[in-house]
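Please look at the sequence and structure below before reading on.

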Amino acid sequence: MFPERGKAGNMNKVGRSEVRVDAYDKATGRTKYYEDRMPANALYVRIKHSTIAHGYVTSIDKSKAEAIPGVVKVLTCFDVPDLPFATAGHPWSLDPSHQDTQDRLLLNRHVRYWGDDVAVVIAENEVAANQGVRALKVEYEELPFVLDVQKAMEDGAPQLHDAFPNNILKHTTNIKGNYAEAIKEEGLVKVEGWYETPTVQHCHIENHGCYAYMENGRIVVVASTQIPHIIRRVVGQALGRPWGDIEIIKPYIGGGFGNKQDALYEPLCAWCTTQVGGRPVRIDCSREETFVSNRVRHNIRYHIVTWVRKSDGKIAARKVDVYSNQGAYASHGHSIAAKGLNAFPQHYPVPAYEGNAWTVYTNRPAAGAMRGYGMPQASFADDANIEDCAIAIGMDPMEFRNINIMPKGFTDAFSGNTNYYDTYRECMARGAELIDYERKRKEYGHDTGNIRRGIGLGTFWYNTAVYPISLETSSNRMQLNLDGTVTMQCGETEIGQGADTAYAQMTAEAIGLKSYRDVHVISCQDTDITPTGTGAYASRQTYVAGFSIRQTADLLKEKILKYAQDVTRQSPYCMDIVDGNIIRKEDQKVLMSLKELAMTAQYNTVHSEHITAESTYTIRNNAYSFGCTFVEVEVDIAMCKAQVTRILNVHDCGKLINPALAEAQVHGGQSMGIGFGLSEQLIFDEKTGKPLNNNLLDYKLSTFMDHPRLECDFIENPEPTSPFGTKSLGEPPTCSPAVAIRNAILHATGVAINHIPINPHVLFAELTKAGLIHDSWRDEEGK
Amino acid sequence: MYDMKALYEAESVEHAIQLRLEHPEAQIIAGGSDVLVQMREGKRAGKELISIYMIDAMRGVSIDEEENIRIGSLTSFSHITHDPIIQKYINVLGEAVDQVGSPQIRNIGTIGGNTCNGVTSADSASTLHAWEAIVELTGKNGVRRLPIKDFYIKAGTVDIRVDEGEIQTAILIPKSSYENTFGHYIKYGMRNAMEIASLGCSVNVRLSEDKQTIDRCRIAYGVAGPVPMRCPSAEAVANGVMPTEAMIEEFSLAALKDINPRDSWRASKAFRQHIAVEMAKRALVESIHRAGGEIK
């Protein structure tokens, strides 16, 4: 139904919907994940988790566990090295003030959430390990706990970490103009609200797990991770060993969504093998552990005050307070809240902005990176408030956005990011046309029966990679094979998103191979072998790898043509590589194939050469990546249910490297967004701090029965800073669906709901409050 | 790897009874979609199991000599949904069990296991209550039959005499119950698949020959109390009267008198009551339509 998408410039290997390089193996079950590589004699490590939300372990009775046949060793929080370490999957910073907070040990005596790690049982088999864990007797000295972010900031609240008074991990501000002065203007309409998003979990199909063993005195860890090179550093730090002592291998993984952009149990696993003489040991998280004892998305509460000029519909001033619930350990910490805080005045630039963000420890599971890195939360609050502003001054919400949203040419002073095109307006216009927004906006919203239809819009701000906040680097190595194909490897990881296929297409393009099938991407990263890269996160892979792929391809090409000079007697600058052949540019004459060249170079008895290239590119750019979501809903008032009947995302992520994979990225993001908006939420018992629904039955991940057909389209404005004209798409699709759903429900029912998920419980309460549900029998009951 | 002490494989009903008498502590396992999950959670860790899964005589749907519909206890949910006898006489049961979990669970899960668990949320249970099913138990002293409402004793406990080696062998629907009867089941969940019912409501009606009057109306809920339950007050409103909108309203409100849903973190009592009224209404309207009647 969508117009055929153009190729990127005059390139022809990128911009095509090629079949994934790993498609057949994945579809037939041949792909090897960490468990498929497991040494047969690996011991099982099972973790004893705390059953209180806050307190100290006073003793652990190991005797019963140690008596169980098959149990090899029990290790507790009293045995671990006293080396606090940070887990966030951030590039290391040479500046100590930018290094992540080191606030946890391998096993913790001071337990800070229900599910903290206090001991491990190492056993010959899984049953004995589980029996051992159940047989451990842990005594605690209990302390009061706090789950709510603002309550945790109060004086006298339970303290989680001594170095952080009032549990405040970090507080930052963002001030533009003079807010106090700006709001004095006559005739401004004030729109104020509290908005809140829940604690949710990534729910990747493959739970995190890893195994570790020792070889020649070094530790090898094979892990389900997004960030092998960073994990090497964290394992070294946590164990107090030189980083060169550690080798991390990352095979295929079953998704990560940011949870695996953190050191999870790799350090503990690495330590355990050192405690059993280097024997292989395995840690495999159960789903229940994944929900609680890995990482979650930050629950964030926003207070927004927006002052709107009624005459021209412009925002005069905005004040935003962000309260981010960090949970028990710092992990990615304030980066998440800060990203949102700083996005507000870019998304909707205003003359006066006063922003504050606090990231606060509470006795919940540690929050870390999750697809969107704070932007699904911020987008929900931001565009819910923007919708309320439009309604408050009687303007169509899309028109209000057109007036206030970031204009073409906008440059952010901090990052240097520039909005080179009128991206937001182009995306909204395309989406509105495809979904027939204007007609439906008029037609819906007036239903009076039980079923009410609505259409809503949400937009989002995003960028690409982490420059200038952190290091942005990419390295790769290419090797010309004897059959004229090229083997390529880099530190940016395949985590299910299709990165390897994009790399193959870009490499084929940059060198001049006949097909992306002539590129063999080494999917598995091994920190002993693979050029250093920081891993999969920040929607950086395709953009960042593009720089080093282009640079390394140029080096390889130079070497190929230099050797070809000896054989063909042509000068390198008269030659090029096209479709796997060396040609003379002037007359396009094919001089020789790459295969002939490779064979000649390798087996030449006078001048033999193994042609390879390797390089690192330090990226000092970032790129905006914007878009929007349109949603249609039907609300069944009496049944308290909102059903998404249509969802459409429109993105400008630059030139598409592989349109089919791009669509798949969007579909996955929309699915995650629907769950975030309507059903997902990790719930905690207020009395004990215990998570109540840490399983896939009680945690309502949306199923495809909860989705309509997922639709998307793209505006392909080439990104000027990228060698391939491309930019981020991994995280952006999940930022705006939830708020579009919220706004569609508002359109359908007139009820503005400011906290998600908007599940039947919430609809029952809110529709009752609004008078749309009235259980008359309840009145009689009261009499 | 499951933490089980021993697994005994029964080859026939008689063998199963004998094994049960020999190993009174053992847990019966059929499809395993509940037992193995509980074992994994540690609740039944270290137990002995008696598997009855290979007893084909306990599998399938038929009409017996008394014209009862006989559903072998090992019949899977997907089998029930696609069975022609079920589709012809009690289609609502097939629809109800088609809402259990996922396709994989429906292929492995059995109606015997669904009822022997004694849980109020079982998708088959409210329909079996509303159709006054008879539970057949076989033990060392022969066959014992009892109405399903008596089979359920309390949450998680059903009337199976382990000391007599009893196992549930079939579920019967008497002809008087299914003849000219049409029903509808509504499962309320927080999502549209892979769900456990927040509330289940099964209604069925038999209309008079001229389809003007409701001869008999039966309604049962799951999750409206500790065990599945009928609603006599609501049924009294509908029995013998002409279906009108006012009557349906009265019927749905009367159901409130009979049910006793609880407050839990999964759903509040007020919410479950609200939904119960709406479900009664919708299930009755659909049942009447399926029976060929109209609402006046």
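How many bridges join strand S2 (residues 55-61) of chain A to S4(A)? Two bridges join these strands, which run antiparallel.

## Model and confidence

This is a predicted model, in which local features need pLDDT of at least 70 and side-chain atom pairs count only at pLDDT 80 or more, while totals for chains, interfaces and linings use all residues. Residues are numbered from 1 along each chain as its sequence is written, and chains are lettered from A and ligands numbered from 1 in the order in which they are written.

The model has an ipTM of 0.96 and a pTM of 0.97. The average pLDDT (the predictor's confidence in each residue, from 0 to 100) is 96 for chain A, where 98% of the residues score at least 70. Residues 1-8 of chain A have a pLDDT below 50, and this stretch makes 14 contacts in the model beyond near neighbours in sequence. Two residues are in contact if their C-beta atoms, placed from the backbone, lie within 7 Å. Chain B averages a pLDDT of 97, with 100% of the residues at 70 or above.

## Sheets of chain A

Helices (H or I, at least four residues) and strands (E, at least two) are DSSP runs, numbered from the N terminus. Two strands pair if DSSP finds at least two bridges between them. Strands of a sheet pair through backbone hydrogen bonds, either parallel or antiparallel.

The S2(A)-S4(A) pair belongs to an open sheet of three strands, ordered S4-S2-S6 in chain A, with antiparallel pairing. Strand S4 (110-111) and strand S6 (137-142) of chain A are the edges; each has a single partner strand, so one side of each is left without a neighbour in the sheet.

A second open sheet in chain A has eight strands with mixed pairing, in the order S3-S5-S1-S12-S9-S10-S11-S20. Six bridges link strand S1 (residues 43-49) and strand S5 (residues 117-123) of chain A in the antiparallel sense, and Lys48(A) faces Ala119(A) of S5(A). Helix H3 (residues 126-135) of chain A packs on this sheet, touching S1, S3 and S5 of chain A, and its direction makes about 20° with that of S1(A). Axes are lines fitted to C-alpha atoms, for helices over the stretch in contact, and angles run from 0 to 180 degrees between N-to-C directions.

## A helix pair in chain A

Helix H15 (residues 541-568) and helix H16 (residues 594-603) of chain A pack at about 80°, with their axes 10 Å apart. The two helices are therefore roughly perpendicular to each other, a class that covers angles of 65 to 115 degrees.

From H15(A), the contact uses Ile560(A), Tyr563(A), Ala564(A) and Val567(A); from H16(A), Leu597(A), Thr600(A) and Ala601(A). By class there are six nonpolar residues, one polar and no charged. Here Ala, Val, Leu, Ile, Met, Phe, Trp, Tyr, Cys and Pro count as nonpolar, Asp, Glu, Lys and Arg as charged, and the others, Gly among them, as polar.

## Domains

Domain bounds come from an automatic or database domain assignment. Chain A is assigned domain 1 (34-144 + 202-293), domain 2 (423-462 + 621-772) and domain 3 (473-618). The C-alpha centres of domains 1 and 2 of chain A are 36 Å apart, and their contact takes nine residues from domain 1 and ten residues from domain 2.

Chain B is divided into domain 1 (4-51), domain 2 (60-176) and domain 3 (181-290). In chain B, 19 Å separate the C-alpha centres of domain 1 and domain 2, and 13 residues of domain 1 are in contact with 17 residues of domain 2. Helix H1 (residues 13-22) of chain B supplies the largest share of the domain 1 side, six residues.

## Strands of chain B

Strand S1 (residues 4-9) and strand S3 (residues 47-51) of chain B pair in the parallel sense over five bridges, with Tyr8(B) opposite Ile50(B). Strand S2 (residues 27-29) of chain B also runs parallel to S3(B), joined by three bridges; in this pair Ile29(B) stands opposite Ser51(B).

## Contact between the chains

In the contact between the chains, 17 residues of chain B meet 23 residues of chain A. Helix H12 (245-258) and helix H13 (269-290) of chain B each supply at least two residues of the chain B side, and H13(B) gives the most, with four residues. The chain B side has eleven nonpolar, three polar and three charged residues.

Definitions and conventions. Parallel < 35°, antiparallel > 145°, perpendicular 65-115°, else oblique.
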